[in-house]
Amino acid sequence: MKTFDTAVIGGGASGLMAAAQLCREGQDVLILESADRVGRKLLSTGAGRCNLSNTAVSTDNYRGGERLPDWFFQKYSPERIETAFRSLGLLVRKDHEGRIYPYSLRANTVLDILRKNTENAETVCSCEVIRTQKRNSVFLIDSADGKRFCAKTLILSCGGAASAQLSSGKNGYALAKSFGHTVTPLAPALCAVLVSQKDVRPLAGIRVRAKATLLEKEHEIAAESGEVQFTDHTLSGICIFNLSRFAKPGMRIRLDLMPEYTSAEVEALLPRGEEARRLFDGILHPRLALEALKKSSVPLSATGKEPLAADAVKNFWFEVTGLDSIRNAQVTAGGVPIREIDLSSMESELERGLYLTGEILDVDGICGGYNLHFAWSSALCAAEAILHSSPGGAFA
């Protein structure tokens, strides 16, 4: 039976980047992917444009059971990621907010480049790995269809529980546990927030730029500004996704629908003598203004209600009833604790030759390219370590 230099379980962002680096240095690489093709989740990122990274990357952009050290993102900076992609043949561009995209603004371009650089790897799709073990310094990998693969080194890049229909390997956590690793509780991160249907259903389909503040009683937990999207049962949008990491039932989300103005300035903008229901004509979406006024019990047919109306659009609140399912979340909170790996190499502290990268770890970032940045960074780190440990290996 053939023994590969390295087997990568999971053909997502992190797994493909690690495999690409190893293939470039002549390693004999095996990629095992449970889906019918590699990179399916990658194609959905950044609204199909693939937000690769962000110029503002730092440890402050990440959550998890333990804080990532500052040196990790100093070593694997946005410039380092850009250089890595340039070496693979991908040109990138930055937008005015620091988000880094492929120059084509197409996720397919990123996947095409990664696939091009892994052409020398043996890629097996529709391969669900159910068991891994190490015997005589070789990793034995068994699939659900009875196949067995062997490798000197093993990378678990299986993804997380979020977007399970697109993830690279639903059994990743079980595989990690089989080597003695623990897995912290899993939860959705970067997801829509469930609110009362009667409050939000009249607004379904509306989008608005607002400041969203998450409150526990009157204590501010977090605040984000950006586009808020209303569905028939959730608040969504990037700023809501970032708040979802901290949201719990019973908390409130307060929307400031005119964050550029103070309440006094909003009041001054409103016409005098109009019924309350008409005060925001030409300013806000009619349904949005109407529901905000109703929420604050402003009499819709009354006049002279400018102060109350101004306060209503500055304090339009919704009670949190829960989070959307982890299946619909963009990212998983929880996973293998980073204390169980050597962050200088991504190698397991429990099993020599085993490496863990990407979303399987208890690391989750905010929106803006931060999660993909960690996927690339951890992959580069693992590939570098594997090549350095290989006889005569060198990582360019």
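How many bridges pair E5 with strand E6 (residues 99–102), and in which sense? I found three bridges, in the antiparallel sense. Strands count as paired if DSSP finds at least two bridges between them. Helices (H or I, at least four residues) and strands (E, at least two) are DSSP runs, numbered from the N terminus.

Ground rules before going on. The model is predicted, with local features needing pLDDT of at least 70 and side-chain atom pairs counting only at pLDDT 80 or more, while totals for chains, interfaces and linings use all residues. Residues are numbered from 1 along each chain as its sequence is written, and side-chain values use heavy atoms, with hydrogens and water left out.

**Entry: open sheet.** I traced three strands in the order E3-E6-E5, with antiparallel pairing. Strand E3 (53–54) and strand E5 (92–94) are the edges, each pairing on one side only. Arg93 stands opposite Tyr101 in E6.

**Entry: barrel.** Six strands close into a barrel in the order E12-E15-E14-E13-E16-E17, again with antiparallel pairing. Neighbouring strands here are turned by 45° against each other on average, direction ignored. I then checked E16 (residues 252–256) against E17 (residues 316–323) and found four bridges. Arg252 stands opposite Glu319 in E17.

Two helices pack on this sheet. Helix H9 (residues 286–295) touches strand E13 (207–216), strand E14 (219–230) and E17, and its direction makes about 90° with that of E17. Helix H10 (residues 306–314) touches E16 and E17, at about 120° to the direction of E16. Contact means heavy atoms within 4.5 Å. Axes are lines fitted to C-alpha atoms, for helices over the stretch in contact, with angles from 0 to 180 degrees between N-to-C directions.

**Entry: helix crossing.** I looked up H3 (residues 78–88) and H11 (residues 370–389). Their axes come within 10 Å and cross at roughly 70°. That makes H3 roughly perpendicular to H11 (65 to 115 degrees). Pro78, Arg80, Ile81, Ala84 and Phe85 in H3 meet His373, Trp376, Ser377 and Leu380 in H11. The contact residues divide into six nonpolar, two polar and one charged. Ala, Val, Leu, Ile, Met, Phe, Trp, Tyr, Cys and Pro count as nonpolar, Asp, Glu, Lys and Arg as charged, and the others, Gly among them, as polar.

**Entry: cavities.** My search of the whole structure gave three cavities of 30 Å³ or more. A cavity is a set of points on a 1 Å grid over the protein atoms alone where a 1.4 Å probe fits but cannot get out, and lining residues have an atom within 4 Å of a point.

Key:
Angles under 35 degrees count as roughly parallel, over 145 as roughly antiparallel, 65 to 115 as roughly perpendicular and the rest as oblique. On a 1 Å grid over the protein atoms alone, a cavity is a set of points where a 1.4 Å probe fits but cannot get out, and a pocket is an open set with protein on both sides within 12 Å along at least five of seven lines; lining residues have an atom within 4 Å of a point. Grid points are joined across faces, edges and corners, and a volume is the space filled by probe spheres set on the points.
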